[in-house]
Every structure is written in C-alpha cells, then in structure tokens.
Amino acid sequence: MIFDDDAWYNDELDDETNDGIDPETQRELQLIDKVEEAFKAGKQLYLDTEDIDELFSYYCLRKEFEYAAYLLSLGEQYHKDDELIQILRPILLYQQDKNEEALRMIDALDLQHNPNWHYNRAKILTALGRIDEAEKEGEYIIEQDKSNSALYTRDIINIFLPEYPEAAKQILLSALLYNPQHFDIIMQIAFIYSEEGDTEKALYYFDQAIDIEPYSILAWIEKCKLHAISQRYEEALDAVEYALAIEPNHQHASLIKAHLLIDLEKYEEAGEYIAEKAEELPALYYDFQALQADILYLQKDYSTAAKIYKECLANDNCPIDSMIHYVDIKIEQHRWKEALDICKTLLSSYPDNVSLLEHTAQVYEKTGCKHIAVKYLRKCIRLMPDNPNLLLLYAGLMLDMDNVQNGIRYVRKAYKIAPTEALPNIMMAVVNAQFYNGKDITRYLDVARQEDENAVNIFLNICPRGGRYLFPDKDKDKDKDK
C-alpha cells in the first residue's frame, strides 16, 4: 500500500461518543486507546502490519512522533521482514523534516521492486527540491504497473501539487498514455491547465472528460467557468444549462446561472429566475437575495439595493462581491461611517479579500485618515504584489502625502509589470511632468492611447500643468499676449 498523508482517522471523532459510530471506526478508536495506554505503561502490544501502518499515519499527521516511533518499534519487533514496516523508519524521518537522513536510509533499503519505496522516495526528493528525480520515480511507478497506474496516479500527483504543477501534469500525461479513457486523470489535467490560465487546453480536456462521462455536473460547471473567464457568456450559459438538465436544483449551478444572466444583462430573466430559485432552494435564500440586489445596483436603484444588502448582512449571509457593492453604494452616497462599519463587519469574515481591503483603504482616505489607508493598501500589495493597479493606488497615495520618493518608486514598479497598459503609462507621464523635465511624456501617452483613447484627458485631469509639455505653442502665445 502506498503511504498516504491523508489520515484514515477523522479528528472530528474526538468529540463524539461511540453511539452511532460504525463498527470499523469504533474498532479504530479502541486501538488508539490501547496504543496510548500501552505506551504510557511502557508495555509491548502486538498489532498486525496494517494496523501499525494506519496508526503510524494517524500519529504522524498529528505530529505526535513519540507514538509513531513506538508503533515503529512494535513493527520492527514483530514484523521486521515486512517491506511496509521497513519503509516506515525513513518515513518517520521525513515527517520530522530530516530529509537528508531519510533519503540515505530509504536508499539503503533493497526495495526497488516495491512501488511504495519509489513513492516515498519521490516525496523525500520533492522535500529536498530535487523535482526532476522525484518526477522520474513517479513515472517509474506508472511504467512498471500500467494496469494500476490510474490507481497510483492520484497519490503520486499529491506529492507535486500545488507547488510543482508542471511535474504533476507530466505524471498525469504519462498515466494517460496507459489509461486514455480514465475520467479522473483527464479531469486532473484539465484542472492544472485551468490553474495555469491555459483556457483552451483546459477546455479541450474537460470536453474529453464529458465525452467519457456526459452526466458529470462538475465537468460541465468547470467548462462553464472557463467560458465565463473568457467572457464567452452565451457558451458558459449553455454549459451550465447542461449541468442543470442533469440536476435541476443543483445549488452551485443554479447560482452560476443567475450570475451569468446578470453578466449578459438579461436583468428581467435573471430576476424571475432568482425569485424562483430562492423559493426552491431555501438554504440559498440570502445568496439569491444578494443577486437580486446586484441587479438593482447595476440599474442604479441604490436605495432599494441597499435595503436588501442590509438584510443579507444582518443575517450573516454575505456573498462578498455583493457586499462590496453595498460598500460602493455608501461611498457613492458619501456615508463614510456606514461604509466603514460595513467594511469592518466584512473584514471579520474576509480578512484577506483584496477588493474589500482596497475599499476600506478608500474610505479611510476619503475621511482624511491617510496613514490608516496606507496600512490597508500595503496589505493588498502583500497579497497581490504584482497587481499594477494596487501599486498605482499606493503610489498615488504616497504622492498625495508628499512621500515623493516612494510614490515614484511604486509608479515605476507598476510600469515595469505592465508596460503596455494605459494607466501605468499615464502615471509615468504624470511623474515626468511633475518631477522631471517632461521629455518622455509624449512617448508614454502614445502607448497609453493605444489602449485608452482618453489617455491625454486623464493625464491632464491628474496633472493640469502637464499641458505645457503637450501644447508648448499655447504657452508661447500667452507670453506674446502679455
């Protein structure tokens, strides 16, 4: 058996009595009690190999290594020739982050014929950052036992995800050679391409998965999401309709359809669908209410939308995107205290939501608390360090607070990340106009105009005196008039 990091034992059982627990789980709980009593009493306890393996996994997951070592000693006493037991000692070292020692010990075992040996060696090599070698171990397992490669693949790719998705993808593609119709392998490949942002490749594999299992709601929903990301909303709507044809009241699919109807600006149809689903799916009542408010928000009926948002917030059911619209309404109405109260309430549930942090910073800035706004924007940048818009917001605040050096530095950072986008170029033009000789303003604005035809007007609104660099003849005419 390949050693699995996922515990066979559920921590939630700690708080349960044995009433209503299935016999196998009761037996496992009793074994745990026996092991801990024997350990504390310093006694030996006979357990079979599988029990030792499972209990060892349980204690390693909990980082209770004294019990894991005790179980290992029992295994070596009673089952010293069992290959599963022999591999546990390097595993224990690996679990204790003693990876070099673990590798030396597993290499000393003459178990190259055992898939479990290769699997655990791959884990140790990955922990040491030797990814190419680890990947070869995974491919070796698949190659040696082609008939069971799909079974092994799930465990093998867990070694590499999420830090090394490319290695995981290569393992999956190798497994696919021997299991070309295996739904789970194809889905995993599609998910990795989706995470990498390769929408077309992801769609190709989701379509393959659907060909194999046409009634997979998950595959249809994922296909829908990818079309929505590409703003192909009609195709996305078609995909989610297939999911709902399989299960008409599927909660996630129902919410997605409502969102898509709103994205397509089919507000009347969306409203009718939302009202229908709010009755059919009472568990999602406030989620659908928030979407109803979103429609009103988009139609600029802020007063009615705010009433519904307030009800959702009061019932602790806060779809965050909708609640940020609620903050927007309060900002639009210049009700700063109410906006800040909503932000603080939401931050208790969504402390790392960048959009919420950005809105909170905006409210503090508008109320004159710029030093507090700075803290929230810094957190945004820590969470999304390569987002040029956040960098420019922070730069603008720095310049507004006369921290010129920092302001210019963050404008340059944003420009370096997005040298062809309009706003970074506009801000580079502003910086040149305000603090340098203005010689590169035209070059930056020419680039910005390719994306936004109003780039010059935006520049002049931010920096009115920059016009003297764009229209020097006007300044000469003024001098003549004088």
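In which helix is the place of Ser322?

1. Ser322 has its place in helix H18, which covers residues 320–332; helices here are DSSP runs of H or I with at least four residues, numbered from the N terminus. The model is a predicted one, in which local features need pLDDT of at least 70 and side-chain atom pairs count only at pLDDT 80 or more, while totals for chains, interfaces and linings use all residues. Residues are numbered from 1 along each chain as its sequence is written, and side-chain values use heavy atoms, with hydrogens and water left out.

2. Ser322 counts as buried because its relative accessibility is 3%, where buried means under 20% relative accessible area, exposed over 50% and partly exposed in between, with a 1.4 Å probe and protein chains only. Leaving aside residues up to four places away in sequence, Ser322 touches Ala290, Asp294 and Tyr309, a contact being heavy atoms within 4.5 Å.

3. The largest pocket holds about 450 Å³ of space, and of the 16 residues that line it, those closest to its centre are His259, Leu291, Asp294, Asp321 and Ser322. H14, H16 and H18 are the elements that give two or more residues to this lining, and H16 gives the most, with five residues. A pocket is, on a 1 Å grid over the protein atoms alone, an open set of points where a 1.4 Å probe fits, with protein on both sides within 12 Å along at least five of seven lines, and lining residues have an atom within 4 Å of a point.

4. Helix H13 has 14 residues and reaches 20 Å from its first C-alpha to its last, close to the 20 Å expected at 1.5 Å a residue, the expected span being 1.5 Å times one less than the number of residues. In H13, the buried residues are Ala236, Leu237, Ala239, Val240, Ala243 and Leu244. Seen down the axis of H13, these buried residues fall within an arc of 165°, so they line one face of the helix; the arc is that of the directions from the helix axis to the C-beta atoms. Their cover includes helix H12 (217–229), H14 and H15.

5. Two loop residues deserve a look at the backbone. Gln231, in the loop between H12 and H13, has a phi near 60°, a positive value in a residue other than glycine, and is exposed at a relative accessible area of 58%. Lys300, in the loop between H16 and helix H17 (302–314), has a positive phi near 65° and is exposed, with 61%.

Definitions and conventions:
Grid points are joined across faces, edges and corners, and a volume is the space filled by probe spheres set on the points.
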